[in-house]
Amino acid sequence: MNKALLSGLISGLVIATTVSANAAEKLPETVNIGYQKANIFALLKYRGTLDEQFKKQGIAVKWVEFPAGPQMLEGLNVGSIDLAATGDAPPTFAQAAKADLVYLGHSPANPKTEAIVVPENSPVKSVADLKGKRVALNKGSDVNYLLVRALEDAGLSYKDITPVYLPPADARAAFQRGAVDAWVIWDPFLSEVETNAKARLVRNAEGLVPHYTFYLASRKFADTWPQTAKQVVDELGALSQWANGHPQEAAKILSTSTGLPEPIWQRALARMPYGAERMAPQVFAEQQALADKFTQIGLLPVKVDVSSATWSLDK
């Protein structure tokens with residue numbers, strides 16, 4: 001072999017090794033993922049498929065539990081987690097607080113998974129009957145938007161009811177003892193109160209709001225490791241196909257995670273399609289409508305430009 005050819009081969013090997021090393025350097029050592037006991041990331045955590053995939057690449061996964069979406073997105077904002085999944089409303093509040101987040105994707109619309117319910121024997125038969133009533137809800141949550149839209153659809157305004165802002169556990173107790181007239185809540189809490197308290201549905205989100213789960217990341221993480229972020233979304237898609245086809249197994253996992261009985265979860269999953277879709281202009285427009293409505297009624301202190309959280313790979 002002549003010296004020129006040998007030199008060329010050695011140079012090529014050095015370049016290939018350097019490229020490989022640089023590629024390896026572009027993978028994060030650890031991915032910190034926020035989750036709630038009842039959301040899709042909990043299902044992903046307990047199945048372990050993402051951990052297995054990342055382990056092969058030398059990436060560790062750290063799962064960080066949060067009680068609700070707003071706290072989770074605060075964790076995203078301060079850098080304690082890299083990825084999160086929440087409903088429609090929390091990202092708009094995070095953006096109002098100047099959190100530098102991006103939308104990686106979303107679930108299919110699932111409007112049947114949130115609803116306004118009343119006690120079985122309540123005289124309230126329609127949303128219009130809520131005028132002057134005490135309505136429990138989690139402030140700034142997805143169901144806050146449902147309530148506003150449902151009232152408007154019935155010819156009422158937010159000022160026509162008395163909102164009682166309570167987290168789900170406290171609202172459930174207030175509903176049980178009759179301290180509130182209605183409760184606006186989401187699954188699996190919705191399935192639980194329908195099953196155990198015979199709560200009667202007054203109106204769900206069908207025809208009012210789409211209700212998505214959004215997959216979010218800090219902009220720093222998504223822009224630094226875009227392929228890793230995309231891999232998480234792809235894994236959520238694969239998990240969704242499995243969960244939609246194996247609802248009993250999914251219910252068992254989520255029962256373990258939350259402590260709620262499997263039949264409760266089976267009821268919830270029957271109306272909760274999982275999926276992972278990339279963001280589209282229509283979804284951003286729907287999210288902007290939510291943000292504008294919250295600004296209009298004073299829940300958001302400033303106007304939010306939802307599209308400013310577009311991921312660079314979607315541009």
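Predicted model: local features only at pLDDT ≥ 70, side-chain atom pairs only at ≥ 80, totals over all residues.
Figure 1. Where α2 starts, the backbone nitrogen of F41 has a side-chain oxygen of N39 within 3.1 Å. After α2 comes G48, with a positive phi near 80°.

**Figure 2. The largest nonpolar core.** This core has 49 residues. The members that touch the most others are L101, Y103, I116, L130, L147 and V184. Helix α6 (residues 142-153) is the element that gives the most to this core, contributing 7 residues. In soluble globular proteins, nonpolar side chains tend to be buried together.

**Figure 3. Surroundings of L101.** Apart from neighbours within four places in sequence, L101 is in contact with L76, P91, A94 and Q95, as well as with L216, A217, S218, R219 and A309. A217 is also one of the residues in a second, separate core. That core has 40 residues, A229, A250 and A268 among them.

**Figure 4. The protein chain as a setting for the close-ups.** The chain has 13 helices and 10 strands, and its C-alpha atoms fill a box of roughly 95 × 40 × 30 Å along the principal axes. Of its 315 residues, 50% count as buried. Among contacts with a separation of 6 or more, 77% are between residues 24 or more positions apart. The accessible surface is about 14,500 Å², with 53% belonging to carbon and sulfur atoms. The chain carries 32 positive and 32 negative charges, whose mean positions are 1 Å apart.

Conventions: Residues numbered from 1 in each chain as written. Heavy atoms only, no water. Core = buried A, V, L, I, M, F, W, Y, C linked by side-chain atoms within 4.5 Å. Buried < 20%, exposed > 50% of the residue type's maximum accessible area, 1.4 Å probe, protein only. Helix = DSSP H or I, 4+ residues; strand = E, 2+ residues; numbered from the N terminus. Contact = heavy atoms within 4.5 Å. Polar contact = N/O pair within 3.5 Å; in protein donor to acceptor, adjacent residues only side chain to side chain. Areas by Shrake-Rupley, 256 points an atom, 1.4 Å probe, with all protein chains shown as cover. Lys, Arg positive; Asp, Glu negative; His and termini not counted. Charge placed at Lys NZ, Arg CZ, Asp CG, Glu CD.
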